[in-house]
Structure formats: C-alpha cells, structure tokens
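Me: I'm new to this one. Can you walk me through it?

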Amino acid sequence: MNLTRTLIIGNSGSGKSWLAERLAEHLRLPWIDLDSIHWLSDEHSISRPRAEALGMARIAADEERWVIEGVYGWIASELIHRATALIWLCVDDQHCVANIRQREHKPEDDELLMALLAWAGSYRDREDSSGFLAHQQLYEAFAGSKIKLMNGNEITAFVKILKRPKDGV
C-alpha cells in the first residue's frame, strides 16, 4: 500500500486522529486534521467559511506527502484525487459515541458534547456528506489502494503491521 498521501475518513470517535498520528509518526509524514481546517476555534462551534476551508485543504493536499484525516466528506471529496491511499474507519456508531465519552473531559450536560454525541450516533442515518453513505461512495469510487477497518482491533492490527520490519531489511 502506497501511504505517501493517505486520506483517512470515518465517523467522529472512530479513531481517525489516533490512527493518523501513529501513521504520520511512523512514516514521518505531516498530519492534517480536517477539524483544524473546518473550524475557526478549538471549541468546534464556529465553522470556517466553506470556500476558505476548501482553499486551505487544497493547499495541504498539494504537498507531496501527508496524512489527512476527517469526517468532512465535502472536503475529502475535493482532496481524494491527490490521495495514494484511502482508509475508511467504518466503526459501529455506539463505539464511536463511547470513544468520544472516554476522550472528552467535559460534564455530561455540556451542550457541545451532547451535540457531538448525538451527531456521532446518527452516522448511519445522516444523509449529509459526512455520513455513512457519503463515505461509502467515496470509498467505492476510489481507484487507488484502500482499506476499510471495522473496529478498534482491526485499526490496532493495521498499525502493528505497519511497524513490522520489512523482509530483507
């Protein structure tokens, strides 16, 4: 698998950032989280203007080597032609919600957290560009190297395979 320019898609809480960080570290590639492009602030409450976000994403994808990850199908669809590999984390919605609960250190009544949990829990039902069907279409249309990982064990196993020494090295 040519991972020189790897695009990782999947639901919020699926493990995209976790995988991207390890992949980027192992392969010494820059890592771009599409949250940093989509949102104007760390609170994830104010979106960047669409044209500006797409411009920033295109500049990132014009580099020769990268790992780009995110849930935003509308951005991923603009970058996918530059990718050498596509990884779809197709993790069960309930596990994504549980992962978000585990990683976030906010009170249960936090409005943004509750909205994120509801949004992640509706991945397979959403009809927007960041939902299951849109990601499935991106995955099926991609002609390059691709892999769909269905759960945390498969994601961890993928990372372990990457870290194995190559034969003859």
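Me: Let's start with Arg-126. Does it count as buried or exposed?
Reply: This is a predicted model, so every value here comes from that prediction. Arg-126 counts as buried, at 9% relative accessibility. The cut-off for buried is under 20%.

Me: Where is Arg-126 found?
Reply: Arg-126 is in the loop between α6 and α7, and α7 spans 132-141.

Me: What does Arg-126 touch?
Reply: Leaving out residues up to four places away in sequence, Arg-126 touches Asn-11, Val-71, Trp-119, Ala-120 and Gly-131.

Me: And which backbone oxygen lies 2.8 Å from a polar atom of its side chain, the side chain of Arg-126?
Reply: That is the backbone oxygen of Ser-130.

Me: Which residue does Arg-126 meet in a salt bridge?
Reply: Asp-128. The two side chains come to 3.5 Å, N to O. Asp-128 is partly exposed, at 34% relative accessibility.

Me: How many salt bridges does the count come to?
Reply: Six. One of them pairs the side chains of Arg-58 and Glu-78, at 2.6 Å, N to O.

Me: What does the Arg-58 and Glu-78 pair tie together?
Reply: Arg-58 lies in helix α3, residues 50-61, and Glu-78 lies in helix α4, residues 73-79. So the pair ties together parts that are 20 residues apart in sequence.

Me: What do the side chains of Arg-103 and Glu-104 do?
Reply: They meet in a salt bridge, 3.2 Å from N to O. Arg-103 is partly exposed at 44% relative accessibility. Glu-104 is partly exposed at 22%.

Me: Change of topic. What volume does the largest pocket have?
Reply: The largest pocket has a volume of about 1,000 Å³. It is lined by 36 residues, and the closest to its centre are Ser-12, Gly-13, Arg-103, Glu-104 and Leu-116.

Me: Where does the largest share of the lining come from?
Reply: From α6, which gives five residues.

Me: Then tell me about α6. Which of its residues are buried?
Reply: Helix α6 covers residues 111-121, and its buried residues are Leu-113, Leu-117 and Ala-120. They cover an arc of only 70° around the axis, which puts them on the same side of α6.

Me: What covers the buried residues of α6?
Reply: The cover includes α5, residues 93-103.

Me: What caps the N-terminal end of α6?
Reply: Asp-110 does. One of its side-chain oxygens lies 3.2 Å from the backbone nitrogen of Leu-112.

Me: Where does Trp-119 lie?
Reply: Trp-119 lies in helix α6. Trp-119 is partly exposed, with a relative accessible area of 27%.

Me: And what does Trp-119 touch?
Reply: Not counting residues up to four places away in sequence, Trp-119 touches Ser-12, Val-71, Arg-126, Asp-128 and Ser-130. Ser-12 is 107 residues from Trp-119 along the chain, yet their C-alpha atoms are separated by 8.2 Å.

Me: Back to Asn-11, which came up with Arg-126. Where is the place of Asn-11?
Reply: Asn-11 sits in the loop between β1 (5-10) and α1.

Me: Is Asn-11 buried or exposed?
Reply: Buried, with a relative accessible area of 0%.

Me: What does Asn-11 touch?
Reply: With residues up to four places away in sequence left out, Asn-11 touches Lys-16, Val-71, Leu-89, Asp-93, Cys-96, Ala-120, Tyr-123, Arg-126 and His-135.

Me: Last one. What phi does Arg-28 have?
Reply: Arg-28 has a positive phi of about 55°, although it is not a glycine. Most residues other than glycine have a negative phi.

Me: Where does Arg-28 lie, and is Arg-28 buried or exposed?
Reply: Arg-28 lies in the loop between α1 and β2 (31-33). Arg-28 is exposed, with a relative accessible area of 70%.

Conventions:
Residues numbered from 1 in each chain as written. Predicted model: local features only at pLDDT ≥ 70, side-chain atom pairs only at ≥ 80, totals over all residues. Heavy atoms only, no water. Buried < 20%, exposed > 50% of the residue type's maximum accessible area, 1.4 Å probe, protein only. Helix = DSSP H or I, 4+ residues; strand = E, 2+ residues; numbered from the N terminus. Arc of directions from axis to C-beta. Contact = heavy atoms within 4.5 Å. Polar contact = N/O pair within 3.5 Å; in protein donor to acceptor, adjacent residues only side chain to side chain. Salt bridge = Lys/Arg side-chain N within 4 Å of Asp/Glu carboxyl O. 1 Å grid on protein atoms, 1.4 Å probe; cavity = no way out; pocket = protein on both sides within 12 Å on 5 of 7 lines; lining within 4 Å. Points joined across faces, edges and corners; volume = space filled by probe spheres on them.
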